[in-house]
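The following note sets out, point by point, what may be read from the structure shown below. It is written for a reader who is new to such models.

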Amino acid sequence: MIDSGLSDRAGRRVTLRPVDDDNWRAVADVAPRDDQRGWVAALAARYLLLTMRSDVWTSLAVYADETVAGHVMWGVDDDGSRWIGGMVVDAAEQDRGVGRAAVRTLAAWLGGQDGGHPVRLSYHPDNAQAARLYTSLGFVPTGAMEDDELVVELVASTQGSPRA
């Protein structure tokens, strides 16, 4: 379990846990709001399949206390950079700070590993909600694009202690 001690706005502790025999169905059923499906998979099951078929990505269940509230995955690129991807917060759990706490927790954990390599992620340029979230957490554009998404990187001075 990855636990940075962060909570959502309802006071529920947000932790990241391995996907296992007990929670995979709940994680697979995580679904974003309908208006977000242009940017993320309709169900987190797609990301679970990707991590099962790939040596690059690892899926994690996002918990709010003991409730599966989302999915996020992480990977390591050839250059050593750490990547956050496949984040989906269930529609019923959104606007509560779960996603913010999950990104902060995973970014701090990834940034603290193996020499402080950069932590990156990407999002579609039309996804204004994602842009606001990641900018507020200290991610800045790298100038690169991955497929049709903007690549952003966590500024080194904020790694390990992303802003609230």
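**Notes on the predicted model**

1. Asp3 counts as partly exposed, for its relative accessibility is 36%. The side chain of Asp3 meets that of Arg13 in a salt bridge, with 2.9 Å from N to O. The two residues are ten apart and both lie in the segment before strand S1 (14-18). Arg13 is likewise partly exposed, with a relative accessible area of 38%.

2. The whole structure holds nine salt bridges. Side chains of opposite charge can pair when their charged atoms come close. One of these bridges joins Asp34 to Arg37, whose closest N and O atoms are 3.5 Å apart. Asp34 is exposed, at 62% relative accessibility, whereas Arg37 is partly exposed, with a relative accessible area of 40%.

3. A further salt bridge brings together the side chains of Asp79 and Arg120, at 3.0 Å from N to O. This pair links distant parts of the chain: Asp79 belongs to the loop between S3 and S4, Arg120 belongs to strand S5, and 41 residues separate them. Is Arg120 buried or exposed? Arg120 has a relative accessible area of 16% and is therefore buried, since buried means under 20%.

4. Four of its five residues are buried, so S5 is largely enclosed by the rest of the structure. S5 pairs with S4 in the parallel sense over two bridges, and Arg82 has Val119 of S5 as its bridge partner. S5 is also joined by four bridges to strand S7 (residues 149-154), and these two strands run antiparallel. Within that pairing, Val151 of S7 is the bridge partner of Ser122.

5. Strand S7 also pairs with strand S6 (residues 139-146), in the antiparallel sense and over five bridges. Here Pro141 has Val152 of S7 as its bridge partner. The hairpin of S6 and S7 has two residues between the strands, and Asp147 takes a positive phi near 55 degrees there. Asp147 is exposed, with a relative accessibility of 74%.

6. Two backbone angles call for comment. Most residues other than glycine have a negative phi. Asp147 is not a glycine, yet its phi is positive, at about 55 degrees. Asp95, also not a glycine, has a positive phi of about 65 degrees. Asp95 is placed in the loop between S4 and helix H3 (98-111). At 57% relative accessibility, Asp95 counts as exposed.

7. Which residues form the negative surface patch? The patch consists of Asp77, Asp78, Glu146, Asp147 and Asp148. Asp77 sits in the loop between strand S3 (67-76) and strand S4 (82-89), while Asp147 sits in the loop between S6 and S7. Asp77 is partly exposed, with a relative accessible area of 36%.

8. A last point concerns Arg46, which is found in helix H2 (residues 45-52). Arg46 is exposed, with a relative accessible area of 59%. Between Arg46 and Gly97 there are 51 residues in sequence and 24 Å in space, taken from C-alpha to C-alpha.

Technical notes: Residues numbered from 1 in each chain as written. Predicted model: local features only at pLDDT ≥ 70, side-chain atom pairs only at ≥ 80, totals over all residues. Heavy atoms only, no water. Patch = residues over 30% accessible without salt bridge, like charges linked within 9 Å, V, L, I, M, F, W, Y side chains within 5 Å. Areas by Shrake-Rupley, 256 points an atom, 1.4 Å probe, with all protein chains shown as cover. Salt bridge = Lys/Arg side-chain N within 4 Å of Asp/Glu carboxyl O. Lys, Arg positive; Asp, Glu negative; His and termini not counted. Charge placed at Lys NZ, Arg CZ, Asp CG, Glu CD. Buried < 20%, exposed > 50% of the residue type's maximum accessible area, 1.4 Å probe, protein only. Pairing = 2+ DSSP bridges.
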